[in-house]
Amino acid sequence: QHTHAFILWVYVLIPFWIFQSIALILSILNYAFFISVKIICIFILQILLALQWDGFINWSSYSTLLIPLYVYFGISIVEYWVTIRQVRSDVARMVTVSYLEEKILPTFKMDDDGDGDNDGDDHNEHGSGGMQEEEEK
């Protein structure tokens, strides 16, 4: 005769539920709608599976039992679609190199020597030409 302690799945999953509750509170406080709903779906799925495995409910069809998982995947697809739309919108507002070349750069006036300082000389900031002045002497 084998005697072993019978541990219910409900007890095994309690630590997961504690961490999921903390994650759910944080996601609600940060207005993370999709994450909150996905955490709730996984939480419900775990409860239903634990009740099924412990014999408190007897649903012969696991397809019914896994409905929260189906909802989770559906929400993930919607979340990905929303993220893709947001990224495309952000990319559409970005400034491209061609836009910079055509619209922005022509507004800056360059002087004859091409350095944009409009002082007319190519000397360093101390006003000396460096080696050229020494050679002229």
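Here are a few notes on the predicted model above, point by point.

1. Ground rules. This is a predicted model, so local features need pLDDT of at least 70 and side-chain atom pairs count only at pLDDT 80 or more, while totals for chains, interfaces and linings use all residues. Residues are numbered from 1 along each chain as its sequence is written, and side-chain values use heavy atoms, with hydrogens and water left out.

2. Overall make-up. The protein has 6 helices and 0 strands, and from the N terminus on its elements run α-α-α-α-α-α. Helices here are DSSP runs of H or I with at least four residues, strands are runs of E with at least two, and both are numbered from the N terminus.

3. The protein exposes about 11400 Å², and carbon and sulfur atoms supply 64% of that (Shrake-Rupley method with a 1.4 Å probe; for residues, only the protein chains shown count as cover).

4. Contacts along the chain. Taking contacts in the protein with a separation of 6 or more, 42% are between residues 24 or more positions apart. Contact means heavy atoms within 4.5 Å.

5. The H1/H2 pair. Helix H1 (residues 9–29) packs with H2 at an angle of about 170 degrees, the axes being 10 Å apart. Axes are lines fitted to C-alpha atoms, for helices over the stretch in contact, and angles run from 0 to 180 degrees between N-to-C directions. H1 and H2 are therefore roughly antiparallel (over 145 degrees; under 35 is roughly parallel, 65 to 115 roughly perpendicular and the rest oblique). The contact of H1 with H2 has 16 nonpolar, 4 polar and 1 charged residues. For those classes, Ala, Val, Leu, Ile, Met, Phe, Trp, Tyr, Cys and Pro count as nonpolar, Asp, Glu, Lys and Arg as charged, and the others, Gly among them, as polar. On the H1 side, the residues include Trp 9, Phe 16 and Trp 17; on the H2 side, Phe 43, Trp 53 and Asp 54 are among them.

6. Lys 38. This one sits in helix H2 and counts as buried because its relative accessibility is 13%. Leaving aside neighbours within four places in sequence, Lys 38 is in contact with Tyr 72, Ile 75, Ser 76 and Glu 79. Lys 38 and Leu 69 are 31 residues apart in sequence and 9.0 Å apart in space, C-alpha to C-alpha.

7. Gln 52. Also worth a look: Gln 52 lies in H2 (residues 33–54), and at 11% relative accessibility Gln 52 counts as buried. Not counting residues up to four places away in sequence, Gln 52 touches Ile 57, Asn 58, Trp 59, Tyr 62 and Leu 65.

Notes
Buried < 20%, exposed > 50% of the residue type's maximum accessible area, 1.4 Å probe, protein only.
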